[in-house]
Amino acid sequence: MDATPPPLTDFGLAQAEEILRIHWGRTGPLKPLTSYEDRNFALLDGAGEPSHVLRVQNVGDPLRLGLEARVLRHLAQKLPGMGPELLPTSSGKDWVEVPGQDGRVHLARMMTWVPGPLLADLPGRNMDTWCSLGELLGRVDRCLAELPRKPGEGQHSWCMEATDPLAQVLHLEPDPDMRRLFERALLLYGGCVRQVIGDLPQ
């Protein structure tokens with residue numbers, strides 16, 4: 001796993017519309033969504049509201065997408081409505097390979113839109129908000145503990161198991177106070193969690 005993500009996926013609206021039409025047999029207006037490294041597009045319904053999301057993964061990682069597909073199906077079965085549902089392609093696949101303009105192969109998939117406001121857009125985030133989020137994460141965590149997973153399966157730069165690659169890029173954080181917080185979190189993980197992580201459900 002690289003310490004820094006590859007460049008953003010180079011896909012525009014016209015390409016997204018073509019992928020949607022060819023592989024899912026759907027048409028309609030698309031709205032680009034903010035994303036860390038992938039390209040995400042909301043498919044809008046007749047009222048202009050999002051109904052589905054087309055996601056074009058930055059790098060072609062079938063192992064990661066396979067794990068995420070298992071996670072989504074497990075959540076849909078155990079906690080209906082808790083997360084998006086994966087929509088297979090017209091040929092029954094979970095995703096399709098699509099070539100990028102830069103020569104890289106990307107993986108595109110489609111899922112339902114989960115209605116509700118984004119946490120980042122909430123005008124006020126009080127203790128009730130954080131307690132509600134914690135309760136939700138606890139339910140999801142207990143549910144996913146039942147799902148078998150191999151060490152390192154689908155690992156990416158947001159995973160705490162990737163402490164070594166994360167430590168290599170800490171110098172890129174310009175705020176010294178924020179950088180110290182990150183360093184402390186990595187030290188706590190390395191000193192406490194890493195020793196027992198293999199014995200814990202994940």
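# Close-up views of a predicted model

View 1. Trp130 is partly exposed because its relative accessible area is 39%, where buried means under 20%, exposed over 50% and partly exposed in between, with a 1.4 Å probe and protein chains only. This is a predicted model, in which local features need pLDDT of at least 70 and side-chain atom pairs count only at pLDDT 80 or more, whereas totals for chains, interfaces and linings use all residues. Residues are numbered from 1 along each chain as its sequence is written, and side-chain values use heavy atoms, with hydrogens and water left out. Trp130 belongs to helix α3 (residues 127-144), helices being DSSP runs of H or I with at least four residues and strands runs of E with at least two, numbered from the N terminus. Together with Leu119 and Met127, Trp130 forms a nonpolar patch on the surface that has about 310 Å² of accessible area. Such patches consist of residues with over 30% relative accessible area and no salt bridge, with nonpolar side chains (Val, Leu, Ile, Met, Phe, Trp, Tyr) joined within 5 Å and like charges within 9 Å; a salt bridge is a side-chain nitrogen of Lys or Arg within 4 Å of a carboxyl oxygen of Asp or Glu. Areas come from the Shrake-Rupley method with a 1.4 Å probe, and for residues only the protein chains shown count as cover.

**View 2. Helix α2 and its buried residues.** The end C-alpha atoms of helix α2 (residues 62-78) are 24 Å apart, which agrees with the 24 Å that its 17 residues should span at 1.5 Å a residue, the expected span being 1.5 Å times one less than the number of residues. Among the buried residues of α2 are Arg64, Leu67 and His74, and the buried residues of this helix pack against β4 (86-87), β6 (105-112) and α3.

**View 3. Thr89 in a loop.** Thr89, in the loop between β4 and β5 (96-99), is buried because its relative accessible area is 6%. Beyond its neighbours within four places in sequence, Thr89 is in contact (heavy atoms within 4.5 Å) with His23, Trp24, Trp95 and Val96.

**View 4. The largest nonpolar core.** This core has 15 residues, and those with the most contacts inside it include Ile19, Trp24 and Val98; a nonpolar core is a set of buried Ala, Val, Leu, Ile, Met, Phe, Trp, Tyr and Cys residues joined through side-chain atoms within 4.5 Å. At least two residues of this core come from each of α1 (13-24), β2 (39-44), β3 (50-56), β5 and β6, and α1 gives the most, with four residues.
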